[in-house]
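Me: Hi! I'm new to this one, could you walk me through it?
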Amino acid sequence: MKNTRLAIVRQKYRPDGGAERFISRALEALDNHALELNIITRQWSGESRPDWHVHICNPMKWGRVSRERGFAHAARHCWQQERFDLVQSHERIAGCDIFRAGDGVHKVWLEQRARIIPAYQRWLTPLSRYHRYVLDAEKQMFHSPALKKIICNSLMVKHDIMRCYQVPEDKFALIYNAIDSVGFYPATPDQRRQGRRQLSIPDESCALIYVGSGFERKGLKAAITAVAATDRYLIIVGQDKQHDKYRALAQSLGCLSRVRFAGMQKNVLPFYHAADALILPTLYDPFPNVILEAMACGLPVITSHSCGGAEFIEQDQQGFVCDALDINMLEQFAGAIRPLSLDPKRGIAARQRVEQCTPARLSEQLIQLYQQLLPG
């Protein structure tokens, strides 16, 4: 793979984003493999190295559709002009060699979203210029003759793409995200006590943690409602414009005294250490990194069938899985969780399940994929 020029496309780098963490880990993993690494982006705010080449494509924009279309045209022009050996896009842009479907399938997200929005919004969705643009871009990209491989981080997303766009199975590469199981590890008793002290959570109680921004899609309403029916505490790490609405929900359900809104956190580890399980009844999520982080910390997981991370969970082994809107089951599962000090078996099984998802394994799979696609 000497002198291979690889371009990775991501419109906006957000250090806390799941796709961006995949990119940064991939770049680090590939750094010693004789690749010339290029990033095509509108905005790069992450760590870079002298031998990484960042190509800024930031055309004028006048709204969401203009932003998406403008970046797609600029990014495509950049890679055509530079004549890279491989182009791996994390955006829905026809003409790339590899597409990583880290954001899932927009068509499926709209199907899931239709379950929770009012009837008038369901009627308006097909009229939205933005949704029409994204659906058209998605279709063009999956049907592009230039597309050689689709990287999926879950079988769920692979099956969604095959169902919605009739893409043949040989186009797919299943590559799970990596987790640093040295950086994410189970809490010691002292770390657990310290984390709880900072959050004013009693040592003997059971606490669940929810991690994610975009509260509606990731199911915070269902998590709060389920916890309200138990005596569990809930730690919420993340941000959303509708923060006050969810605080009011907890108040109305009588559980606000047991809910801790922690906001965005650069270091989530102490919050995992204060918890006994992760609850993430997400409406649609390809495979959130928080699942891997929590499991590496020895936390069982309560999540939904519409989360790719459910593939790592056997019922009542590493946690529980149910429909995102099945509040009764979520309540039962929340009630079934016990403090890890009293019931460690699920946490042990959770950590063992993700130990194979190493950065070295991610690097090996990506290098094999690139070797497969490069001529000669």
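Reply: Happy to. A nonpolar core is a set of buried Ala, Val, Leu, Ile, Met, Phe, Trp, Tyr and Cys residues joined through side-chain atoms within 4.5 Å; buried means under 20% relative accessible area, with a 1.4 Å probe and protein chains only. This is a predicted model, where local features need pLDDT of at least 70, side-chain atom pairs count only at pLDDT 80 or more, and totals for chains, interfaces and linings use all residues. Residues are numbered from 1 along each chain as its sequence is written, and side-chain values use heavy atoms, leaving out hydrogens and water.

Me: Which residues touch the most other members of the largest nonpolar core?
Reply: Ile209, Leu234, Ile235 and Tyr272 do, in a core of 66 residues. Another core lies apart from it, with 39 residues, including Ile93, Trp109, Val134 and Val157.

Me: What is Tyr272 in contact with?
Reply: Leaving aside neighbours within four places in sequence, Tyr272 is in contact (heavy atoms within 4.5 Å) with Phe184, Ile209, Val211, Val290, Glu293, Ala294, Cys297 and Leu299.

Me: And His273, buried or exposed?
Reply: His273 counts as buried because its relative accessibility is 5%. Not counting residues up to four places away in sequence, His273 touches Tyr185, Pro186, Ala187, Gln191 and Arg192.

Me: New topic: which residues line the largest cavity?
Reply: Asp276, Pro300, Ile337, Arg338, Leu340, Asp343 and Arg346 do. A cavity is a set of points, on a 1 Å grid over the protein atoms alone, where a 1.4 Å probe fits but cannot get out, and lining residues have an atom within 4 Å of a point.

Technical notes: Buried means under 20% relative accessible area, exposed over 50%, partly exposed in between (1.4 Å probe, protein chains only). On a 1 Å grid over the protein atoms alone, a cavity is a set of points where a 1.4 Å probe fits but cannot get out, and a pocket is an open set with protein on both sides within 12 Å along at least five of seven lines; lining residues have an atom within 4 Å of a point.
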